[in-house]
Each structure stands twice: as C-alpha cells, then as structure tokens.
Amino acid sequence: MSDELTIEAVSLRFGGIQALDEVTMSVATGELRALVGPNGAGKSSLFNCVGGLYRPTSGRIVHRGRDITARRPHAIARLGVGRTFQNLAVVDDLSVLDNVALGGHLCARPRGWTLGSTLRLPRTVAAERRLLARAWQLLERFGLLDVARERAAALPFGTLKRVELARALMPEPSLLLVDEPAGGLTQVEVFELGDLLRAICRESGTTVLLVEHHMGLVARIADRVAVLDAGRVIALGRPEEVLQDAAVVAAYLGGTP
C-alpha cells in the first residue's frame, strides 16, 4: 500500500518553545489514522503544518509524492487535502445546503468561474449543477436533507458538526484532516458521527488523519494510532496496542495500564 502522507523529521519552534521535535510518520492511502496526546503535545501544530497554516522550522511534508512543506493553505487544498476545525467554521447566515456547497466552490472552481457564472456560460452552469448534485448527495448521506434549507445558526451543535464534515468532503479530497469531531457532542452523537465518518471514507477511499481526545472513539474507528507527547512521537500502532503502552499511559492517562 502506498503512502498518502509522509512527514519527515518535522520540527516547529515558536521562539523558545519547541512545539514539534523531529516528528516522523507516514499515513497509508485509505488509512484512518488517529493522532492523540495530552494538551500541548503538538497535535494541532502538526495539523497546521500539514494544512499549510504553519511552516515547519525544519523537515519535510509530502502528499502523494508532492512536497507541500512551503505551500499555502489554498494550494494544499487544491491538491486534495480537506480539513475540519476544532471550532465550528460554518457560515451562520447561510443555509445548510449553501454551507456544504461552499466546500466545492472553494476548491473546485474552474478558471473564469466568476465571469462565467455572471454570463451563465454553459461550462460554468454545468459545473454549478455538478457541485449542487454533489452537495445534495452528501446531505442525504449525512442525514441532513430535512434541514437543507435551514439557516445554520438555527441548528444544534451536533448537526453542525455533520454539516462541517460534509462540506470538507465536497471537493472529494484524497486526504481529510479531522480536528476533534467528538468535542461538544453527546456519547450517542460521538459514535454515530464516528461510524459515519469511517463508512464514508471506506466507500470513497479517502485517507483520514484524525486528532481526537475521545479514546472510545479512537479505539472504535482508527486503523492505527500515533501518540504525541511534548512534540515527539512516543508510540505508533493499532489502538489496542498503543492504548495499553506504558509510555502512553504515563504521558496521556497519568497512571498504569
């Protein structure tokens, strides 16, 4: 199996703070990899390096054979890297349908889209119809058809998590970065969303890198788990192995297995 993402000796410093310390790992194509660790371990910093929000102090990040270390976020997104955020980033005044469709417009707009849309050129109209069809397909898959025309601001938090995930999948990314999807959800919502994420990614072949604190969710859906502590990878393997590792228990759970 080929690698979707390769992180080679990536370090990140903010002044005197070492956020990442020569992190090295690879994520296989089609894998659902969880990234866990205590607060301040460097999980979000690594996500932001992969997504282009931060530029590593040293090291290299390769996505599907392309070095993306110095690329900007929009360029990385166009190469097939999608993302959700820990804090919801939906547009309150837009409908659920428009929020989801927005993900396609941000990453899949052809040249001359604005002019073509204004003049209603056939190529642009056809592209708009394809995007809308894709949005409706995702709304159905995520159980959002009943609220498609509702304003995002009027919906509960758990529903908006599904909206954000559907939007991230709109441009059909080959790699999806999912940042703490369980945050703020009930136990039932956590497992429902996790099972849905795993099923959709299995169907589409999308590779997932998941940052999560909910160990029950990690154990349920992850193929493999990487554990960060103080900016370093301290364990890597299957969930049932990693979550019983003595170093992981000491760093993350603060006790013994």
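**A strand and its surroundings**

Guide: Buried means under 20% relative accessible area, exposed over 50%, and partly exposed in between, with a 1.4 Å probe and protein chains only. The model is predicted: local features need pLDDT of at least 70, side-chain atom pairs count only at pLDDT 80 or more, and totals for chains, interfaces and linings use all residues. Residues are numbered from 1 along each chain as its sequence is written, and side-chain values use heavy atoms, with hydrogens and water left out.

Visitor: Which way do the residues of β3 point?

Guide: Leu32, Ala34 and Val36 point one way, whereas Arg33 and Leu35 point the other way. Of the 257 residues of the chain, 49% count as buried.

Visitor: How many helices and strands are there in the chain?

Guide: Helices (H or I, at least four residues) and strands (E, at least two) are DSSP runs, numbered from the N terminus. The chain has 10 helices and 10 strands.

Visitor: How do strands form a sheet, and in what order do they stand here?

Guide: Strands of a sheet pair through backbone hydrogen bonds, either parallel or antiparallel. Two strands pair if DSSP finds at least two bridges between them. Here six strands form an open sheet with mixed pairing, in the order β6-β7-β8-β3-β9-β10. Its edge strands, β6 (81-83) and β10 (232-237), each pair on one side only.

Visitor: Which strands pair with β3?

Guide: Strand β3 (residues 32-36) runs parallel to β9, joined by four bridges, and pairs with β8 in the parallel sense, also over four bridges. Ala34 has Val225 as its bridge partner in β9 and Leu210 as its bridge partner in β8. Val36 stands opposite Val227 in β9.

Visitor: Where is Asp223, and what does its side chain reach?

Guide: Asp223 is in the loop between α8 (215-221) and β9 (224-229). A polar contact is a pair of N or O atoms within 3.5 Å; within protein, one must be able to donate a hydrogen and the other to accept it, and residues adjacent in sequence count only if both atoms are side-chain atoms. The side chain of Asp223 reaches the backbone nitrogen of Leu32 at 2.8 Å. The Asp223 side chain also makes a polar contact with the side chain of Arg198 (3.2 Å).
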